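Please have the coordinates open as you read.

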Amino acid sequence: MDRLNNDGKNAVPETQNQAPEQTPDQMKAANSQKMAGKRAENEEKDKKQEDLLLAIDGAKIKFNAHLGTFKVLNDVPTTQDKLTGTIVEKQTPNFIFDDGFILTKSIEWQNFGNAKVQDNEVLLKKSFLPGVGAVPGTLPETGKVEFVDSGQVNIPESIDPKGAPVLRNTIVEQTFVACIDFYRSQLNADGKFGREDTQYNGEFGFDRFDKKVCAEGLASKYEKLSNIITKEKTYAGKKEYLCPYLSVWGPNTENNTDNKKSKIFIYVRANEAFVKSEINEADIELISSDDKIKISPNIVRLSIKGAAQKISIECTGAFRKDVTIIAKAKEQPQELGKLIVKANTIYKTIIQPVKVTFGTTASTESKDIPHVNLMKDIVKLFNENSFNQAYIFGELAATTKHVTFLESEFKSFFNDIDGKRYLEYSASNKQKAFKYDELMGRRFEANNSGKADQQRREELLNKKIENLLKEIDKMYGYKSDDLKKAKKMHEEHKVTNIWNDQKIKALYDDFVKEKAEYNQLYPNSFKLDQNGKIYFFYTEDIHGAGSPEKEIQAFSLINSGTAQIFNSALTDKDAASLIIHELGHAFGLRHPFEAEVMGRYQIKENGQKYKQDYEDEIKNLTVEIDSVINSNIDNLEKLEGISKRDNIPISDLQGLTLLNERYKSLEGLVADKYSFTNFEANFVDFVKNDVIGLEGKALSQISSNAVNLLQEKENLKMKKEELERLKKERKKAKSYEEFPNSKANSETLENYLDYRQKTDGSFNSNFQYKSFYQWQWKDMINLGKTRKYLIEIK
């Protein structure tokens with residue numbers, strides 16, 4: 001390589017590869033590209049700076065396609081002589097939309113600034129407010145309020161709201177937004193229920209609403225966390241966070257002397273929220289409202305859609321009010337999740353098994369026998385995997401009680417089919433089952449408390465009533481709706497003569513005498529002692545209730561505090577679970593698939609009348625017009641025809657019609673069954689004061705309050721006008737949303753009050769009894785306290 005001489009002479013330059021010379025057009029294009037890049041860089045820088053501008057009164061906003069203006073309502077320091085926006089401005093009047101759109105629900109502002117005005121963080125142009133709203137008369141929309149501009153005109157070099165900290169080159173911290181959900185097990189976090197969730201078997205109470213296993217209308221029974229919107233629809237198209245519920249026992253209590261029920265393990269996970277998070281993971285703080293609930297670890301690292309993390313919840317003492325566990329991203333204010341731990345007052349009941357045998361000789365007292373293994377299994381399940389979820393503890397009585405009843409006295413209750421005995425029972429006729437349940441309780445109590453003589457005297461009284469009614473029925477013989485026959489009965493004073501008949505009089509006098517003797521001997525009535533007790537009545541002598549096609553293995557009457565268990569249940573592999581199911585009924589719970597009983601959840605605004613409300617009124621009024629008023633008019637027109645034809649005063653015919661109604665009612669009353677405690681009030685008073693009283697009056701006197709044809713036609717005219725008015729108003733009204741509170745058979749997959757069988761009768765292979773809903777916990781406790789089946793442990 002040649003070098004320059006000192007004097008610069010004979011110098012040869014160093015050789016290099018030279019770029020070809022650019023044409024003017026190429027140079028112009030290159031400069032344009034550089035300028036465009038610089039412009040984009042500046043625009044991005046300007047946008048970032050603009051995003052940090054304070055949002056002030058008058059800023060332009062949007063919610064989806066709806067445009068409007070931001071209005072600051074609080075008296076705060078100003079920016080550019082306009083009130084400065086802060087995070088407290090989130091009410092409906094803060095947002096004025098041009099097309100009448102109304103923000104009806106909001107949560108918390110996101111992406112607000114670090115500076116504060118009057119102790120509230122300032123809003124920036126980049127801030128947004130998730131919420132729900134609608135133009136009146138249209139369906140609700142989910143979205144967020146966003147600033148189109150900041151409202152500022154002359155943008156300052158530094159952002160300096162008067163009276164507030166200066167926000168110079170402040171970097172707004174990135175916000176973690178997610179739904180922090182709680183689960184009873186790892187498998188449950190993966191959507192498993194029933195037999196598929198092998199990690200949970202009801203050891204503690206946990207209830208998280210999931211439309212897979214919960215009827216959508218039941219969402220109304222769960223507290224909502226209003227400041228977070230879920231990405232997925234939780235129920236009925238709504239994106240609402242429904243709080244889960246937990247029960248955890250206090251230490252050193254009955255049924256928890258080893259304190260195993262005081263520490264449980266659950267799982268927590270971050271799921272996507274409606275608002276997209278700026279960062280994917282964060283440290284989540286779990287904060288208890290009561291120091292008696294300890295959480296470990298109380299800070300967990302969660303990533304959105306990542307794995308659920310295991311935590312422990314430990315109770316160190318009793319608490320009378322619900323405790324909340326709030327989930328927040330560390331050093332961020334927004335609540336992202338909430339778990340409600342139900343107040344852990346403990347309730348106790350004694351579980352008394354009673355074995356019933358049907359034989360040729362009745363026992364007069366109960367005998368103590370050892371518990372069969374099934375009874376022990378039931379109580380174990382009661383305390384460890386079912387009623388423990390509601391803080392209810394069952395103590396097995398010292399022994400099983402054994403009683404024998406006369407088979408002959410129960411013969412009318414039974415049907416023998418294919419060599420098996422069934423209790424008469426059907427969906428349309430449960431009277432025998434009700435009576436059977438009543439007799440089991442009363443006869444057992446009579447044997448157990450030395451009141452067998454009193455019980456026999458009561459049954460003797462009831463038998464006297466039965467015999468009296470049989471004789472009245474023979475003499476009465478009224479079986480049709482016949483005015484001519486009713487007229488003849490009135491003329492003959494039919495019921496008066498029956499009641500004064502010597503045989504009837506003797507039977508009634510005998511009943512009155514026997515009752516007087518009973519009252520003198522037994523001034524105090526008795527019933528099954530259920531103070532702090534519930535009962536299992538089981539028998540091996542009855543296979544089931546119903547029929548082979550519709551076999552019922554056990555039943556409990558709602559609210560009864562008792563369960564009737566038959567031999568087919570005693571041999572079922574799920575016998576203990578079936579009896580827990582029945583005890584749920586005994587504590588007032590209904591089947592979750594009974595649509596009519598469970599009803600529907602309706603979303604309404606107070607004072608608002610909806611299309612369905614009008615439809616109900618129209619339906620009821622139509623029935624009244626068709627079934628009552630038109631029927632009355634038809635009858636009155638017939639009576640007028642008969643009056644003219646037979647020359648009978650219309651007032652007499654109207655009186656005869658009213659008396660005929662009493663005769664028909666008496667026909668039904670004669671066929672009813674009565675207890676000696678209600679016979680005189682329900683039957684004797686009606687006969688003596690109502691029917692016999694009317695038979696002693698002239699027909700025209702009976703009809704003194706009857707309406708005439710002209711009045712009824714005028715009434716019909718008014719009702720039809722009202723009907724037309726309702727139909728017109730219905731057209732203008734909007735509909736409310738409503739959702740069923742029931743699911744089809746077995747679809748809860750695990751609720752104790754559900755059936756294992758599907759609607760078609762086939763067994764659901766994934767169904768496994770293991771849980772109660774949290775609102776069922778509450779209902780059982782309330783019923784148990786009201787009926788005194790439960791005693792609170794102080």
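This is a predicted model: local features need pLDDT of at least 70, side-chain atom pairs count only at pLDDT 80 or more; totals for chains, interfaces and linings use all residues.

Residues are numbered from 1 along each chain as its sequence is written, and side-chain values use heavy atoms, leaving out hydrogens and water.

Helices (H or I, at least four residues) and strands (E, at least two) are DSSP runs, numbered from the N terminus. Two strands pair if DSSP finds at least two bridges between them.

Let's begin with an open sheet of four strands, ordered E27-E28-E30-E31 with mixed pairing. Strands E27 (414–417) and E31 (551–552) are its edges, each pairing on one side only.

Strand E29 (residues 533–538) has five of its six residues buried, where buried means under 20% relative accessible area with a 1.4 Å probe, protein chains only.

| Strands | Bridges | Partner pair |
|---|---|---|
| E28 (residues 420–423) and E30 (residues 544–546) | two | leucine 423 and alanine 545 |
| E23 (residues 347–359) and E29 | six | isoleucine 351 and isoleucine 534 |
| E29 and E33 (residues 562–565) | four | phenylalanine 537 and glutamine 564 |

Now for the helix: H14 (residues 679–695) has a kink of about 40 degrees centred on phenylalanine 686. The bend at a residue is the angle between axes fitted to the seven residues ending there and the seven starting there. Phe686 is also one of the buried residues of H14, which include Phe679, Phe683 and Val687. Among the elements covering the buried residues of H14 are helix H5 (452–476), helix H8 (502–521) and helix H13 (650–671).

How values were computed
Buried means under 20% relative accessible area, exposed over 50%, partly exposed in between (1.4 Å probe, protein chains only). Contact means heavy atoms within 4.5 Å.
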